[in-house]
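Dear colleague,

Please find below the structure I said I would pass on, with the sequence alongside. My notes on what was found follow directly after, and I would be glad if you read them with the structure open.

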Amino acid sequence: MPTPIVGIDIGTDTVRAAEIMPSGHGRATLHRYLEIDLPAGAVIRGEVQQPLTVATAIKQLWARGGFKSKKAIIGVGNQKVIARDFSVPRAPLARIRETLPYQVQDMLPVPVSDALLDFYPVSESHSEQGPMVNGLLLAAVKDAVLENVKAVQGAGLEPQNVDLIPFALVRALIGHEARTGTLALVDLGASSTTVVIATGGVPQFVRIIPSGSADLTEALAQRLEIPLDAAERVKHRLGLAKQVADMEEHKAVQVIYEATNEILGSLRNTVNYFTNVHPEMPVQSILITGGGAALPGFQNALADVTRLPVGFGDPLANVALGRGVDQQQILAARSTVAVAVGLALGSAA
């Protein structure tokens, strides 16, 4: 009998959870979803700073959301997570993983003893050394991951696995029946922007940009000398507006453009870099998600700088909705639910 499992997305301002029941003959079913705000300072730049505070929030999430399962998959994806191209002589995957600490020290910013390592195989090739396995080297600073685990355990849950957020995005937005061609998935969060490029549904490249939608809010608050909550409202009301009513709005939009252009430039450079390195599989289109993706005008601006079609990813396309899901609530959360859903889908698969 399949058992439900919950994906937990611990963001800078919000913690989200999605409970999914796997299915052996069709789409998995999303039975419950809920998100609640976190106190300021509990999580900074994707890193849990106050495990007890986050654990209390997760307990509240479980009580309010009526989650049945205590089995949880935890997402990680911040500046202390590294994903790089890596090739090794062909060998069983278990053997490759065993030898990683002896091969990758020069590629890491921290000692191997302070990192959690993994390898994600993508393809095979031949070289002068013989058959090779090409893939992604995954490394995360151990302490940063353990703080997330500590918070989830403190809430009385049972962590089953720690998964990479970019991989969760691929599952949620592309699904098991992989689309042909190469897509770039962009998740614009509060403190970081995650980019994962996948060909035929297989992740090929990951980059985590250390800026997000909260940087726009902070820039507005500082330049306009207004509180953060007022700056957030201005950001969502004006976005990348082409026309404004007065000089005050003009100043606000100018600030938004300046802050957004930095993110847009990083995204353009990321897509161009991948295409230059892998000319055989150029990026054909971009799917966006995350709370920041809803910024008015962002979709068109990204299309302009990359010269690619840009659309909104639908994390609900690959799951059925159970009776316990509030339809209006989940539709309202469509732009932010992708990571939690994708984490749970990893176990469901």
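Predicted model: local features only at pLDDT ≥ 70, side-chain atom pairs only at ≥ 80, totals over all residues.

Glutamine 243 lies 56 residues away from glutamine 299 along the chain, and the C-alpha atoms of the two are separated by 17 Å.

Turning to the strands, there is an open sheet of five, in the order β13-β12-β11-β14-β15 and with mixed pairing. The edges are taken by β13 (202-209) and β15 (310-312), and each of these has a single partner strand, so one side of each is left without a neighbour in the sheet. From one strand to the next the twist averages 20°. Within this sheet, β11 (residues 182-188) and β12 (residues 193-199) run antiparallel and are joined by seven bridges, with alanine 184 standing opposite isoleucine 197 in β12.

Two helices meet this sheet. Helix α4 (residues 165-173) packs on it, touching β11, β12, β13 and β14 (285-289), and the direction of α4 makes about 60° with that of β12. Helix α7 (residues 247-277) lies across β11, β12, β13 and β14, and runs at about 150° to β13.

Helix α7 also packs with helix α6 (residues 228-238), at an angle of about 85° and with the two axes 10 Å apart, which means that α6 is roughly perpendicular to α7. In this contact Val234, Lys235, Arg237 and Leu238 of α6 meet Glu249, Ala252, Val253 and Ile256 of α7, and the residues involved divide into five nonpolar, no polar and three charged.

A further pair of strands may be worth a look. Strands β8 (residues 115-127) and β9 (residues 130-141) run antiparallel and are joined by twelve bridges, and the hairpin that leads from β8 to β9 passes through two residues. In this pair, tyrosine 120 has leucine 136 in β9 as its bridge partner.

Conventions
Residues numbered from 1 in each chain as written. Heavy atoms only, no water. Pairing = 2+ DSSP bridges. Helix = DSSP H or I, 4+ residues; strand = E, 2+ residues; numbered from the N terminus. Axes fitted to C-alpha atoms, helices over the stretch in contact; angles between N-to-C directions. Contact = heavy atoms within 4.5 Å. Parallel < 35°, antiparallel > 145°, perpendicular 65-115°, else oblique. Nonpolar A, V, L, I, M, F, W, Y, C, P; charged D, E, K, R; others polar.
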